[in-house]
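Please give a short briefing on this structure for someone who has not seen it before.

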Amino acid sequence: MKRVSIIGTVGVPANYGGFESLVENIIGYNSPADIHYTVYCSAKSYPHRQSVYKNADLKYVPLDANGSQSILYDIVSLIKATKKSDVILILGVSGCCFLPIYRLFSKKRLVINIDGLEHRREKWGKYAKAFLKFSEKMAVKYADAVIADNKGIQDYVREEYGKEAELIAYGGDHVLCDIADVEEQILEKYGLKNISYSFSLCRIEPENNVHVILEAFKASGKELFFVGNWNRSPYGKSLLDKYARYGNIHLLSPIYDVKTLNVLRSHCSFYIHGHSAGGTNPSLVEAMFFGKPILAFDVIYNRETTEQKADYFSSAEMLGTLLQKPYPAFKTNADSMVEIAYRRYRWEVIAHQYEALYSHPGV
């Protein structure tokens with residue numbers, strides 16, 4: 001029995017976030033009998049705490065997993081996990097600043113997913129970016145295995161640090177479910193019957209090019225349903241104030257119900273993906289399973305995820321031009337997305353790729 005501890009996430013059951021969904025889907029039925037998982041969770045996010053979930057032990061740390069406490073949360077989780085693990089899977093680099101000290105007293109096998117180059121995100125200030133870059137450097141230096149979730153990240157690790165990272169993306173098939181019992185009700189609720197619309201879903205941040213997407217749909221007059229946390233930032237509030245007045249643009253609050261999202265994705269004409277930072281984005285991978293044409297912001301990460309077979313834009317004008325093309329022109333795009341999704345982004349495949357890294361080469 002190999003004991004694997006997972007640290008760096010809010011925890012499970014997953015409520016949100018790509019890493020939380022990753023943990024949710026590599027434990028449980030996708031986990032073989034000879035691997036026992038322990039997942040470290042933020043006690044502040046789980047008022048009702050389970051001790052076991054999907055055959056994994058849950059341990060709670062009395063700190064927030066995000067924000068100012070996240071670094072200490074990761075470090076405390078790492079120290080606690082060391083006592084009862086053969087392998088520690090670290091998701092994200094926040095606590096990796098501690099690894100030079102950690103390696104003085106522990107040689108436990110560390111498998112680290114460095115996420116999507118956090119130090120390049122616009123939301124961080126100068127000092128936060130410098131800290132995240134240092135933590136990333138320590139993660140790559142002290143990890144026994146580094147995971148990149150996108151070829152663009154893998155190439156970056158090789159060029160920046162001269163080290164090979166294992167390429168493992170995210171799964172997305174967890175979003176597929178039977179919607180027969182709620183489909184008509186949800187279509188009625190959102191007024192989606194007999195209309196053609198595009199759909200988008202993301203955190204409302206500048207690097208997700210929300211303003212670009214909204215401007216394109218304002219100009220085109222075509223219907224857009226956009227789900228996001230509009231009231232969490234000045235950027236989001238300004239967009240809400242500016243674009244909510246347009247009758248063709250529907251700005252929806254966050255939706256967490258899997259069936260509702262399934263219906264919205266299943267019936268859209270296009271999925272619009274504006275992310276320009278990070279690696280393989282979970283919401284893009286999830287959308288690919290619905291076999292809809294994807295219009296994605298033109299960056300290496302999105303092109304690698306979609307194997308260059310989606311359609312791409314880098315401005316509101318370019319997106320507007322794509323929206324004017326005859327819909328049959330996007331059939332190859334749609335067919336390619338679902339084929340790639342089932343070939344590369346099933347959780348069963350992803351779980352096995354992680355498991356292969358838990359052993360030393362040749363073990």
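Predicted model: local features only at pLDDT ≥ 70, side-chain atom pairs only at ≥ 80, totals over all residues.

Residues are numbered from 1 along each chain as its sequence is written, and side-chain values use heavy atoms, with hydrogens and water left out.

**Domains and their interface**

- The protein chain is assigned domain 1 (2-171 + 347-357) and domain 2 (173-345), with bounds that come from an automatic or database domain assignment.
- The centres of domain 1 and domain 2, taken over C-alpha atoms, are 28 Å apart.
- Contact, meaning heavy atoms within 4.5 Å, links 22 residues of domain 1 with 19 residues of domain 2.
- Between them the two domains bury about 1600 Å², 52% of it on carbon and sulfur atoms, where buried area is the accessible area (1.4 Å probe) that two parts lose on being put together, summed over both.
- On the side of domain 1 that touches domain 2, helix H1 (18-26), helix H5 (151-161) and helix H14 (347-355) each supply at least two residues; helices are DSSP runs of H or I with at least four residues, strands are runs of E with at least two, and both are numbered from the N terminus.

**Nonpolar cores**

- The largest nonpolar core has 87 residues, and those with the most contacts inside it are Leu89, Leu214, Phe226 and Tyr358; such a core is a set of buried Ala, Val, Leu, Ile, Met, Phe, Trp, Tyr and Cys residues joined through side-chain atoms within 4.5 Å, and buried means under 20% relative accessible area (1.4 Å probe, protein chains only).
- Helix H7 (residues 210-220) gives the most to this core, with 6 residues.
- Because domain 1 and domain 2 both give residues to this core, it lies between them.
- Apart from this core lies another, of 32 residues, among them Val182, Val227, Leu264 and Cys268.
- Leaving aside neighbours within four places in sequence, Tyr358 is in contact with residues including Lys2, Ile26, Leu89 and Arg109.

- Glu136, found in helix H4 (residues 126-142), is buried, with a relative accessible area of 2%.
- In helix H9 (residues 258-266), the buried residues include Thr260, Asn262, Leu264 and Arg265, and the buried residues of H9 pack against helix H6 (183-189), strand E9 (197-201) and helix H10 (282-288).

Notes
Buried < 20%, exposed > 50% of the residue type's maximum accessible area, 1.4 Å probe, protein only.
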